[in-house]
Amino acid sequence: MVGDEAYAGSRSFYHLVDAVREVYGYPELVPTHQGRGAEHILSQILIKPGDVIPGNMYFTTTRWHQEKAGGSFADVIVDEAHDPASLYPFKGNIDLDKLRRIIAEVGAARIPYISLETNVNMAGGQPVSMANLKATYALCHEQGILVMLDATRALENAWFVQQREAGYAHRSVAEILLEICAQSDGATVSSKKDNLVNIGGFLALRDPELAWRARGLLVAYEGLHTYGGMSGRDMEALACGVREMVDGDDHVRARIGQVEYLGNLLIDAGVPIVQPIGGHGVYLNARAILPHVPQDELPAQSLAAAIYADAGVRTMERGVVSAGRDPATGENRQPRLELVRLAIPRRVYTQAHMEVTAESVVSVCEHADDVGGLAFAYEPNDLRFFLARFRPLPIPAKSTVGIAQRVEPKPPPVGPGS
Ligand SMILES: *Cc1c(COP(=O)(O)O)cnc(C)c1O
């Protein structure tokens, strides 16, 4: 109701600027319609063709925008992140030796920034330690390389630092969040996550000159610099969400507690999931659940389809489908992780929903032999996991009527390239 819908200079924009300064500590705000809008602008202002952007595991839209700007992504996350069974408490950490090797190989001049994600989504919602963040800041700044955070889940990361890292047990998540961002040069944020709103996002920066370059593109792609892609109402709600998420530690404790509740139901039932349990969701290890489905028959996608057919619970493939094709060779990238993500929206579900979800996953796992692989029926060129369609492959040997056979997709739409 208090949203100011003025085209230029909306009061709601300045409320948002104040909230982001207060909670994240960045002086310059470039509002966008959502996270990928911020990634687009950041990639376009900093990346030149041939540049390399190291990061702690790829994120789908982040890497796509880096590649679209002519850059290439280099994975510098610790090896533990690629092992679903490793109990390492900070599986989001940067492997500083890998980072040093990339810098030595391509030269700091070809690395415009490092893309450092807090609470790494594709690794299973796994945190970065404060010690690792600080070591990374020191190494990059000594080499003249900027550090840009994907701070979409920085709040969840702050919670894990408080829970797991020596010296932080008595600090509030609000203080830890500020410390996470303090030495970074900027951040992209999807406000659909930690920030508790339905839509929105931002690019936050320290350098005013860089911020003005970003605004130059913002006015072409998103909207005027005092609203980006958001309405005044959205900006007002986002300013509230940014403050509310750190108004005491109870919100994040309850939020991650619900994820842990689901994760523990599955662990107790013997379902192989990524451990430690992540911040925003539980990740099923599809390789272990469907060992008979080879990677080119899309095991994680097959498992996601089977769970949907069983209980109507929509999960998300995070394996070979999400990884896409290498733009240089056209071949499928073959990630070590074949995961199905059960991401939990904040303030939506009850404990009972978690129980129904666990029952369905357990039941699908008990009949895993009946789940066959899938093939693409429609494969889009870009970010294929969003719009792809699949058809079931025959289920090998001994199985009777299988779950996959019930997943009869409609014929693919006649679209571009099909
Ligand atoms: C969701 C997400 C994005 C993309 O943000 P959108 O708001 O969906 O465009 C980027 N990075 C991470 C880590 C995310 O979880």
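Helix H2 (residues 35-46) and helix H8 (residues 208-221) have axes that come within 9 Å and cross at roughly 125°. That angle makes H2 oblique to H8. The model described here is predicted.

**Helices H2 and H8**

- The crossing in which H2 passes H8 is right-handed.
- On the H2 side, the residues that meet H8 are His40, Ile41, Gln44, Ile45 and Leu46.
- Their partners in H8 are Leu210, Arg213, Ala214, Leu217, Leu218 and Tyr221.

**Helix H5 and its surroundings**

- Helix H5 spans residues 130-142, a run of 13 residues.
- From first to last C-alpha, H5 reaches 18 Å, close to the 18 Å expected at 1.5 Å a residue.
- Met130, Asn132, Leu133, Thr136, Tyr137, Leu139 and Cys140 are the buried residues of H5.
- After H5 comes Gly144, which has a positive phi, near 75°.

**Helices H5 and H7**

- H5 and H7 pack with their axes 9 Å apart, at an angle of about 25°.
- Because angles under 35 degrees count as roughly parallel, H5 is described as roughly parallel to H7.
- The handedness of the crossing between H5 and H7 is left-handed.
- Met130, Leu133, Lys134 and Tyr137 are the H5 residues in this contact, and they meet Ile176, Glu179, Ile180 and Cys181 of H7.
- Among these H5 residues, Met130, Leu133 and Tyr137 are also listed as buried.

**Helices H6 and H10**

- The axes of H6 and helix H10 (residues 250-268) cross at roughly 90° and come within 10 Å.
- The two helices, H6 and H10, are therefore roughly perpendicular to each other.
- H6 contributes Leu155, Glu156, Trp159 and Phe160 to the contact, while H10 contributes His251, Val252, Arg253, Arg255 and Ile256.

**Leu155 in helix H6**

- Leu155 is part of helix H6.
- Its relative accessibility is 2%, so Leu155 counts as buried.
- Setting aside residues up to four places away in sequence, Leu155 touches Val173, Leu177, Asp194, Met245, Val246, His251 and Val252.
- One of these, Val246, is 91 residues from Leu155 along the chain, yet their C-alpha atoms are separated by 7.8 Å.

**Nonpolar cores**

- The largest nonpolar core holds 58 residues, and Tyr24, Leu149 and Leu177 have the most contacts inside it.
- Apart from that core lies another, of 29 residues, which includes Leu284, Leu290, Val293 and Ala368.
- Tyr24 touches Ala19, Ala151, Leu177, Leu178, Cys181, Val189, Asn195, Phe202, Val242 and Met245, not counting residues up to four places away in sequence.

**Asn285 in strand E8**

- Asn285 belongs to strand E8 (residues 281-285).
- With a relative accessible area of 13%, Asn285 is buried, because the cut-off for burial is under 20%.
- Beyond residues up to four places away in sequence, Asn285 touches Pro84, Pro272, Ile273, Glu338 and Leu339.

How values were computed
Residues numbered from 1 in each chain as written. Predicted model: local features only at pLDDT ≥ 70, side-chain atom pairs only at ≥ 80, totals over all residues. Heavy atoms only, no water. Core = buried A, V, L, I, M, F, W, Y, C linked by side-chain atoms within 4.5 Å. Buried < 20%, exposed > 50% of the residue type's maximum accessible area, 1.4 Å probe, protein only. Contact = heavy atoms within 4.5 Å. Helix = DSSP H or I, 4+ residues; strand = E, 2+ residues; numbered from the N terminus. Expected span 1.5 Å × (residues − 1). Axes fitted to C-alpha atoms, helices over the stretch in contact; angles between N-to-C directions. Parallel < 35°, antiparallel > 145°, perpendicular 65-115°, else oblique. Left-handed = near helix turned anticlockwise from the far one by under 90°.
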